[in-house]
Amino acid sequence: SKRGTRFLSSLQGYSLAVVLSIVTLLLSFVFLPAFSRSIFSLFYLAVLLSALRGGIGPALFTTIVGGFANILLLVSPYYNATITAEDWLRTGIFVLLSISIALIVDQSEQRKKELQRSLQAERESQARIRAITDGVNEALMLISNDQQVLDSNKRFEEIFGIPAQNVIGQNLLDIHTMFYQIFGEGDEVYDLVVNSSNDTTQDCNELIHQNWPQQRELQLFSTPVRDNAGYLGRLFVFRDVTHE
């Protein structure tokens, strides 16, 4: 059973369609006396599996085989059944439904592949952006207009000694003690960040003093950030100007 499952899972495209068609034909031929014409419903399953693993071409191949089987098995010398109008109607419905199944599954698989490509492209884009932001010499912190910390870079961790996971996703009110710990004018810096986070137009440029984890003079620059959907948030840039 396991070997058979591995064999079927390795098949794709027309090879799978051929195997499914042969297996379904054999089952229909053997069990036709027991289940009568309802046994031909197995071809719906064969069409579905062919569409999922091979696309529209293999599914149409299985549909053609199933359509002929609905008629030819009945008139074979083994059964020599009488073909009725109901048989022709059933065969026509089978062909129409099978084509519809093939088209629906094929479109679904195409959308799935497009979504996977889009997600892969988005991951690559995010990786490039992350590489750029981590490569700059300034500490970056992106804050939304509802005062949520959206992102920070590696330099932010190095300058302030605070892991990114401790601030990303947090509200400014929840991390207000961080400002008192790091900056000499903690209240003023906190108020500056909070007040400017709702400003969607003006830039901000201030000189602030860092006490912890070491003494630094920092130039704080902030500017609004927008994307295609509109205002995204405000970017705060902390540049070490102690040497200057």
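Author: A salt bridge is a side-chain nitrogen of Lys or Arg within 4 Å of a carboxyl oxygen of Asp or Glu. Keep that in mind for this predicted model, where local features need pLDDT of at least 70, side-chain atom pairs count only at pLDDT 80 or more, and totals for chains, interfaces and linings use all residues. Residues are numbered from 1 along each chain as its sequence is written, and side-chain values use heavy atoms, with hydrogens and water left out.

Reader: What makes Glu138 and Arg239 a salt bridge?

Author: Their closest N and O atoms are 3.7 Å apart. That is within 4 Å, so the pair counts. The two sit in distant parts of the chain, 101 residues apart: Glu138 in the loop between α5 and β1, Arg239 in strand β5. Helices (H or I, at least four residues) and strands (E, at least two) are DSSP runs, numbered from the N terminus.

Reader: Why is Glu138 called partly exposed?

Author: Partly exposed lies between buried (under 20% relative accessible area) and exposed (over 50%), with a 1.4 Å probe and protein chains only. Glu138 has 21%, so it is partly exposed. Arg239 has 37%, so it is partly exposed too.

Reader: How many salt bridges does a search of the whole structure find?

Author: Eight. One of them joins Arg37 to Asp87, with the closest N and O atoms 2.5 Å apart. The pair links the loop between α2 (13-35) and α3 (42-54), where Arg37 lies, to helix α5 (residues 85-135), which holds Asp87; they are 50 residues apart. Asp87 has 0% relative accessibility, so it is buried. Arg37 has 27%, so it is partly exposed.

Reader: What is the length of helix α8 against the length expected?

Author: The expected span is 1.5 Å times one less than the number of residues. Helix α8 (residues 186-197) has twelve residues and spans 16 Å from first C-alpha to last, close to the 16 Å expected.

Reader: Which residues of α8 are buried?

Author: Gly186, Val189, Tyr190, Val193, Val194, Ser196 and Ser197. They pack against several elements, among them β1 (139-143), α7 (176-182) and β3 (204-210). Contact there means heavy atoms within 4.5 Å.
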